[in-house]
Amino acid sequence: MKIAVIGTGYVGLVTAAGLAEFGHTVIGTDKDTAKIDLISRGSSPIYEPELDDLLKKNLAGGNLSFTSDVDAAIREAGVIFVCVGTPQDENGRADMSQIEGVARSIARNLNGYKVVVEKSTVPVKTSEWIKRVIGLYRRGDTPFDVASNPEFLREGSAVPDFLEPDRIIVGVETDRARDTLVKIYEKFRDRILVTNIDTAELIKHASNSFLALKISYINMIADLCDRTDADVEKVAQGMGLDPRIGRQFLKAGLGYGGSCFPKDIQALMKIGEDLGVDVGLLREADGVNRARTGLFLDKVKKALWILKNKRIAVLGLAFKPETDDIREASSIRIIRELVKEGATLRLYDPKAMENMKEIFPPSPQVDYCMEPYQAVQDANAILVVTEWEEFRALDLARVRELMANPIIVDGRNMFDPAPVRKLGFEYYSVGRK
Ligand code: NAD
């Protein structure tokens, strides 16, 4: 059974390489030919730990290949994993045009029974639309099934997440589709939850929105801590010791970003509105998240008063550590505001600078640095925006020597306040004194 993976972005590339690693014959395809050229040579167009090695190993093994001929990949495969983007449209809904495009390609190339698997994050009821599109555009009545198999990998740990998943959700409406997917994930039989398709589609949006709620909840608590002597890190620790709550995702800071949580919570809000369900809870969580950048910039102004002509080092641009992804990253909003205020910025990120240059090209006001010590040289303040381990390991005594004014505004609570202050820094963080 040959598997085609359509869309070789953050999810599709890992899915293709991961399915090949499970022993299947996989052909990855994307309409972006430059991407396919790079991948075919064993080089990943994105930064994702362990992905280059996984790609090279499976390309060499012969059971993984890539083509920019999407139609041919569809014709060759019995199972098609759809991994294209479902970004937010201007109204907050998931833009399903990439999914529709793929459904039409599948219809045109339906040369025998195939299982079409939604791996992209899609609104509940999407499978109905995919079925309708394929039904409308296929020639004759070649049979097919649609199934939902949402992906839960996290950027930064996508490879281990895919290779050792804690659960696999399989939404199906026929035994044939169920048997196909269970066979693909045979080695994880004990972790497979089989549901109907609506349920599987909803599990993904419900999971991401719940995690977003958890982050916004601790950020709201951080706002309370900022106005009292409570310490949000200790509050989170104390809450997390309760196994019903758990410690994960109780990290106060600049809030959630990236290509998933912000758009998925918006999409679920729209789904709720369309179905006449009160989703005020999600709206509040979204509002708490949106407020983060402004509150952070208030702290920067509290430390520096006037930002015009101040030299500010921004450490971290990616939406989280261990990725080069800057989609919906807090850094973008922060940089935009600081530029508007007339500050001079010195940016550094271990992996995301090339992506950021497309939004903020290098200019006299926005300079990119080769390493963090260069960024902090003569700075009036450092802003910690992404919690890369590299920053935790900085020699802060050296940093202090290099800076014009020893001020750190830490949006991720990376550092312990006491030792940092002992080194002579003025130190601001989130929800703690
Ligand atoms: P991405 O934008 O990185 O990749 C999408 C790819 O699809 C692009 O390479 C694009 O060229 C390709 N594509 C678009 N239309 C095509 C077509 N008609 N034929 C062939 N290729 C086409 O997106 P991503 O981050 O990989 O996300 C994909 C989906 O997975 C989204 O629905 C997302 O919500 C979901 N998801 C993402 C993550 C994550 O961490 N990024 C995690 C879980 C789920």
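**Close-ups of the ligand site and a helix pair**

View 1. A backbone N or O atom of T121 sits 2.9 Å from an oxygen atom of the ligand. K263 reaches a ligand oxygen too, with a polar side-chain atom at 2.6 Å. For K31, a polar backbone atom is 3.3 Å from a nitrogen atom of the ligand. (Polar contacts here are pairs of N or O atoms within 3.5 Å.) On its own the ligand has 830 Å² of accessible area, and the protein covers 89% of that (Shrake-Rupley method, 1.4 Å probe). Keep in mind that this is a predicted model, where local features need pLDDT of at least 70 and side-chain atom pairs pLDDT 80 or more, while totals for chains, interfaces and linings use all residues. Residues are numbered from 1 along each chain, and side-chain values use heavy atoms, leaving out hydrogens and water.

**View 2. The shell around the ligand.** The ligand is surrounded by 26 residues, the closest being D30, K35, T86, E155 and K263 (a heavy atom within 4 Å). The shell splits into 9 nonpolar, 8 polar and 9 charged residues (Ala, Val, Leu, Ile, Met, Phe, Trp, Tyr, Cys and Pro are nonpolar; Asp, Glu, Lys and Arg charged; the others, Gly among them, polar).

**View 3. α9 against α11.** Helix α9 (residues 197-226) packs on helix α11 (residues 261-275) at about 115°, with axes 9 Å apart (axes are fitted to C-alpha atoms over the stretch in contact, angles running from 0 to 180 degrees between N-to-C directions). Contact residues include L202 and H205 of α9 and F261 and I271 of α11 (heavy atoms within 4.5 Å). By type, the contact has 10 nonpolar, 3 polar and 2 charged residues.

Note on methods: Helices (H or I, at least four residues) and strands (E, at least two) are DSSP runs, numbered from the N terminus. A polar contact is a pair of N or O atoms within 3.5 Å; within protein, one must be able to donate a hydrogen and the other to accept it, and residues adjacent in sequence count only if both atoms are side-chain atoms.
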